[in-house]
Amino acid sequence: MNRITATFDRVRREGRAALMPFITMGYPDLESALDLVPALVEGGADLIELGIPFSDPLADGATIQATSQQALDNGMTLALCLEQVAALRARGVEVPLILMGYYNPILQMGGAKFAEEAARAGADGVIVPDLPPEEADELRTALHAHGLALIFLLAPTSDDERVRLVAEQATGFIYLVSLTGVTGARDQLPPDLADFVARVRCATDLPLAVGFGISRPEQAAMVAQMADGVIVGSALLRTIGDADDPIAAARAFVRQLCEAVGTPSHS
Amino acid sequence: MSSLPQGPRFGPYGGAYIPETLVPAVRELEAAYNDAQADPTFQEEFHTLLRTYAGRPTPLTPARRLSEALGGAKIYLKREDLAHTGAHKINNALGQALLAKRMGKTRIVAETGAGQHGVATATVCALLGLECVVYMGAVDIERQKLNVFRMKLLGAEVRSVDAGSRTLKDAINEAIRDWVTNVRTTHYLLGSALGPHPYPRIVRDFQRVIGDEAREQILAAEGRLPDMLIACVGGGSNAIGLFYPFIEEESVRMVGVEAGGEGIESGKHAARFADPKMGRVGVLHGTQTYVLQDPNGQIALTHSISAGLDYAAVGPEHAWLRETGRAEYTYATDDEALDALQRLSALEGIIPALESAHAVAEAIKRAPTMRPDQIMIVNVSGRGDKDMHTVAAALGVDV
């Protein structure tokens with residue numbers, strides 16, 4: 001949790017927004033994350049979201065559905081995701097690593113065991129898209145006991161009462177879903193995005209990161225003007241999937257995004 | 001009935017495990033539903049349509065020749081196959097579509113497995129002038145071609161789902177994705193007693209008309225309550241509809257029948273309660289219940305000869321009824337269902353849906369162990385016309 005807060009503080013002091021790319025662990029190959037994550041850091045990523053694949057990702061669009069299925073076909077499991085997080089830390093990756101996965105695999109491992117092992121592996125936070133605050137008491141308690149953040153989402157449909165509820169319970173940062181819909185690259189940002197971000201901003205000092213639908217550097221640049229963090233997933237995965245050299249392609253795409261959000265490259 | 005669960009959970013089961021985008025929508029639905037339940041005008045409109053449009057009450061038919069052939073309990077059949085569109089699904093579809101109109105929604109999305117819920121939804125949308133999109137797995141589209149054609153005639157758009165196992169589970173994923181995207185104008189007309197709160201409660205309440213009628217009818221015919229109720233359980237809406245009005249009558253045994261597919265050992269089935277290895281408490285499609293899954297929590301692929309029972313999770317209230325011992329659950333295999341379908345057809349002149357044939361199969365097993373003065377009600381949740389191609393193929397007949 002401290003690593004997340006420290007990163008957003010530093011980025012804020014530098015007068016820019018944080019870039020948070022998302023990849024599906026186990027895609028395109030079972031161990032791809034071990035090389036992709038360092039490449040994303042070289043490209044300038046400030047935090048990285050690591051998707052735990054699930055067979056029925058109902059909040060995801062076609063791209064992440066396909067990468068998740070591929071990852072499962074490759075043999076990816078939650079336990080293996082945690083092993084790879086530990087391996088990444090052993091290889092010197094220092095950026096905050098945030099696990100994103102649906103609730104059932106976590107429930108089957110057991111919330112307490114998951115929290116313990118995620119902390120031991122070196123993860124900093126967890127996002128569970130099908131676990132709203134009302135259902136999250138048990139997992140939140142377990143994660144907080146191990147110093148991990150449980151990051152909640154807010155959507156354009158969230159009214160002011162829910163914004164207040166999530167603001168009270170959130171740790172780390174708040175994930176703002178830019179649009180009413182599923183993940184996936186879109187041609188245009190929703191017109192009411194700035195109003196939505198401003199509405200949440202009134203309720204909390206926590207960092208606000210915006211995701212869903214952001215696919216191009218110029219869109220990332222626009223979001224960077226209004227929020228503390230910019231999340232790009234499907235567009236990055238498509239770049240990875242289309243490339244002959246996925247590692248180089250991922251690094252180059254993230255570097256482009258970083259330049260757009262005003263991030264100096266770390267390499 | 002005030003002691004029965006009314007909140008988001010049935011014991012530890014149920015809840016609302018949904019993306020934040022949908023939380024306001026299910027809240028709105030819950031408020032609208034509570035309001036409608038308390039509004040005599042809404043209730044009057046619903047029950048009038050059940051009577052004048054859906055053809056209710058459906059009969060309770062004594063199965064004289066089947067009872068005689070089995071030589072045990074006196075069997076009655078609750079004839080949901082005679083409801084408009086050929087299954088109990090119309091009850092819930094009418095109720096929810098009225099609710100959608102009340103909420104000002106102009107567009108309906110639904111999932112369908114066997115196609116019965118899709119047809120019922122397309123039907124009520126035609127009746128009430130609502131736009132209708134039905135998601136259906138590509139495998140199910142193939143095995144239920146007739147229902148696809150019916151839905152199109154009724155003005156619905158049928159969207160084929162090619163993801164995952166290309167059956168009901170994947171159709172629900174896609175319907176939820178559509179709902180997330182169009183939530184401001186769209187109501188998700190969920191077809192079984194599943195999904196996030198308040199759906200399991202809403203669907204149960206709209207289906208309880210089955211049990212309310214059966215209770216009245218058996219009292220009129222026999223002057224007493226039945227000894228046993230039997231219904232098939234996919235998500236479990238026809239079963240909960242029959243069971244619910246009898247829950248507090250402890251003398252009435254309630255038996256739910258899951259799809260045993262090719263047998264539990266084969267792994268090719270949809271029997272969530274019968275397989276302790278794959279059937280464990282988990283979360284799927286917004287609800288916590290028994291779910292067929294692998295050791296890592298990935299949802300298992302299911303199999304049943306009946307598309308309507310071919311689903312990895314069971315309604316949360318059934319999980320609770322089982323845990324409390326109030327209802328018992330068993331399964332029938334594909335072969336047993338096929339056999340039951342043929343016997344009911346030949347002995348009573350009633351061709352049940354393959355789903356309902358699972359309940360008939362259990363009646364065939366149980367009735368001979370009971371006394372002739374004992375009464376059993378079997379829910380014939382739908383009619384079998386839609387299954388004729390599947391049945392013919394399974395019997396090796398070219399039609």
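**Salt bridges in a predicted model**

In this predicted model, B:Arg102 has a relative accessibility of 34% and therefore counts as partly exposed. The side chain of B:Arg102 meets that of B:Asp39 in a salt bridge, with 3.1 Å from N to O. Because B:Asp39 lies in the loop between α1 (23–37) and α2 (40–52) of chain B, while B:Arg102 belongs to helix α4 (residues 89–102) of that chain, the pair ties together parts that are 63 residues apart in sequence. B:Asp39 has a relative accessible area of 18%, and since buried means under 20%, B:Asp39 counts as buried.

B:Arg107 is buried, at a relative accessible area of 9%, whereas B:Glu131, at 45% relative accessibility, is partly exposed.

Turning to chain A, A:Asp35 forms a salt bridge with A:Arg91, their closest N and O atoms lying 3.9 Å apart. This pair links distant parts of the chain, for A:Asp35 is in helix α2 (residues 32–43) and A:Arg91 is in the loop between α4 (78–90) and β3 (97–100), 56 residues apart. A:Asp35 is partly exposed, with a relative accessibility of 43%.

Salt bridges can also be joined into networks, as in chain B, where B:Arg253, B:Glu328, B:Glu336, B:Glu362, B:Lys365 and B:Arg366 are linked in this way. Over all chains, a search of the whole structure finds 50 salt bridges.

Technical notes
Residues numbered from 1 in each chain as written. Chains lettered and ligands numbered in written order. Predicted model: local features only at pLDDT ≥ 70, side-chain atom pairs only at ≥ 80, totals over all residues. Heavy atoms only, no water. Salt bridge = Lys/Arg side-chain N within 4 Å of Asp/Glu carboxyl O. Helix = DSSP H or I, 4+ residues; strand = E, 2+ residues; numbered from the N terminus. Buried < 20%, exposed > 50% of the residue type's maximum accessible area, 1.4 Å probe, protein only.
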